[in-house]
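Thanks, everyone, for making time this morning.

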Amino acid sequence: MSKKDATTNTVTITDNRTGKQIELDLLKPTCGPMTIDVTSLYKQLGYFTYDPGFMSTASCWSKITYLDGDKGVLEYRGYPIEQLAEKSTFLETCYLLLHGDLPKKDEMEKFEYDIKHHTMLHEQLLRFYSGFRRDSHPMAIMVGVVAALSAFYHDDEDIHDPQDRMNAAHRLIAKMPTIAAWSYRYAMGMPFIYPDNSLDFSENFLHMMFSTPCEKYKVDPLLAKALDIILILHADHEQNASTSTVRLAGSSQANPFAVLASGIASLWGPAHGGANEAVIRMLTEINDSGKPLSDFIDRAKDKKDRFRLMGFGHRVYKNYDPRAKIIRKICHQMLESGQCTDPKHQKLLDTAMELEKIAREDDYFVSRNLYPNVDFYSGIIFLGMGIPLNMFTVLFAVGRSVGWVAQWNEMMADPQTKIGRPRQLFTGEATREYQEFEER
Ligand code: ACO
């Protein structure tokens with residue numbers, strides 16, 4: 001749909017200062033709220049709009065992911081997340097996000113072949129790992145290594161060529177699990193395990209994490225399936241902070257791997273993808289403290305205390321995050337299956353459920369529509385898989401890499417794309433004369 005086709009009506013804006021009236025186009029999306037096109041506002045009235053945090057601003061248009069935060073709806077290319085989690089695989093979902101439709105058999109076979117033949121890293125890239133301290137956070141390693149891919153794939157890539165962009169997408173999706181698993185192996189002082197292309201996507205990741213040269217890891221199909229579903233749930237989430245970072249960085253036509261590294265950096269923060277790690281730290285702190293849960297609820301409500309209930313609240317969901325519902329179920333299934341024998345994991349889940357129960361009856365959380373988000377239960381599943389705490393956000397990045405690259409590709413293909421360049425409401429000093437050093 002072009003901007004012209006989406007225009008259904010206009011909105012009249014009256015400037016009460018001058019009495020001048022202008023008409024702004026009203027754009028109608030396939031789903032979601034009508035959107036006022038303010039691009040000509042400055043030209044017509046000489047005003048900027050002010051919207052820190054993009055509370056009411058659509059930064060682009062997109063056909064990839066739709067979410068309705070009030071109803072708790074999430075759809076990739078029109079398919080509800082619940083159906084994809086139940087019936088699809090992560091790789092099939094990658095195809096869907098990149099190409100717009102579910103693949104037919106031959107398309108899927110070709111796609112799988114393309115991904116599997118990009119899973120290796122250039123041997124030279126291995127040396128980058130040894131430049132990091134052993135105790136580096138794996139997210140720091142991942143930002144560095146993905147950015148370094150730009151040095152390997154640059155001059156021969158034309159970002160204006162759709163096929164080259166698709167190659168970059170295949171490379172990224174294929175190499176992210178290898179980069180992620182090797183970040184962990186490096187920290188542990190263990191040898192890097194090469195990808196095994198006879199395994200499927202999630203099995204291969206577990207293999208690279210846990211095999212040793214002397215003992216092949218026997219991949220548990222239940223764990224591999226749970227991981228695959230978690231990757232599907234994290235695959236895209238429209239214009240979130242990291243995706244918007246990718247779009248902004250990419251709008252300057254920079255190298256795609258450097259652009260994607262900026263998305264990983266943004267994801268790392270505890271207000272975004274870093275929350276899954278923060279949730280486990282919080283639940284552990286609660287369990288270790290011996291204090292009642294109400295103490296932590298009170299702290300979360302206290303504006304003078306920086307403590308927040310991690311894994312609660314979302315900028316867009318003002319209802320239960322549909323991903324959290326699915327993850328909560330997998331979490332129970334995994335613990336009930338007897339896969340995780342560590343009683344600490346059961347205790348974490350018990351505390352999480354108790355916390356959710358208390359928070360959902362508390363007026364502070366109810367009145368602000370604060371529900372558990374995707375990160376609230378995912379960490380417990382990762383722990384049950386034997387994945388260490390500092391790898392949680394790395395796994396989020398593995399899943400989200402397809403969303404980033406699909407959104408970057410969509411932006412690059414859109415002839416209306418301009419370099420992202422927000423304006424500002426300047427509140428600093430007005431022009432003043434330079435003061436000589438002696439006179440200050
Ligand atoms: N604990 C306690 N209070 C909270 C929480 C929380 N987790 N989240 C929001 N609030 C309160 C705020 O203090 C604010 O209260 P006020 O209206 O009295 O000032 C109100 O709820 C609205 O919150 P905002 O911070 O304005 O909402 P925003 O949309 O800017 O923030 C965010 C969303 C960052 C996710 C926030 O809810 C948060 O920090 N949650 C904890 C971190 C987290 O779980 N992040 C993961 C997000 S999901 C993802 O990225 C995958």
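Before I come to any residue, let me say that buried here means a relative accessible area under 20%, that exposed means over 50%, and that partly exposed covers what lies in between. Please also keep in mind that this is a predicted model. With that cut-off, D68 counts as buried because its relative accessibility is 16%, whereas K71, at 62%, counts as exposed. These two residues form a salt bridge, in which the closest N and O atoms are 3.7 Å apart.

Next, consider E356 and R328, which form a salt bridge whose closest N and O atoms lie 3.2 Å apart. This pair links distant parts of the chain, 28 residues apart, with E356 in helix α16 (residues 343–361) and R328 in helix α15 (residues 322–336). E356 counts as buried at 4% relative accessibility, while R328, at 29%, is partly exposed. There is also a network of salt bridges, which links E285, R299 and D305.

Finally, the serine: S150 lies in helix α7, which spans residues 138–152, and its 17% relative accessibility is why S150 counts as buried. Leaving aside residues up to four places away in sequence, S150 touches N255, F257 and A258.

Methods
Residues numbered from 1 in each chain as written. Predicted model: local features only at pLDDT ≥ 70, side-chain atom pairs only at ≥ 80, totals over all residues. Heavy atoms only, no water. Helix = DSSP H or I, 4+ residues; strand = E, 2+ residues; numbered from the N terminus. Buried < 20%, exposed > 50% of the residue type's maximum accessible area, 1.4 Å probe, protein only. Contact = heavy atoms within 4.5 Å. Salt bridge = Lys/Arg side-chain N within 4 Å of Asp/Glu carboxyl O.
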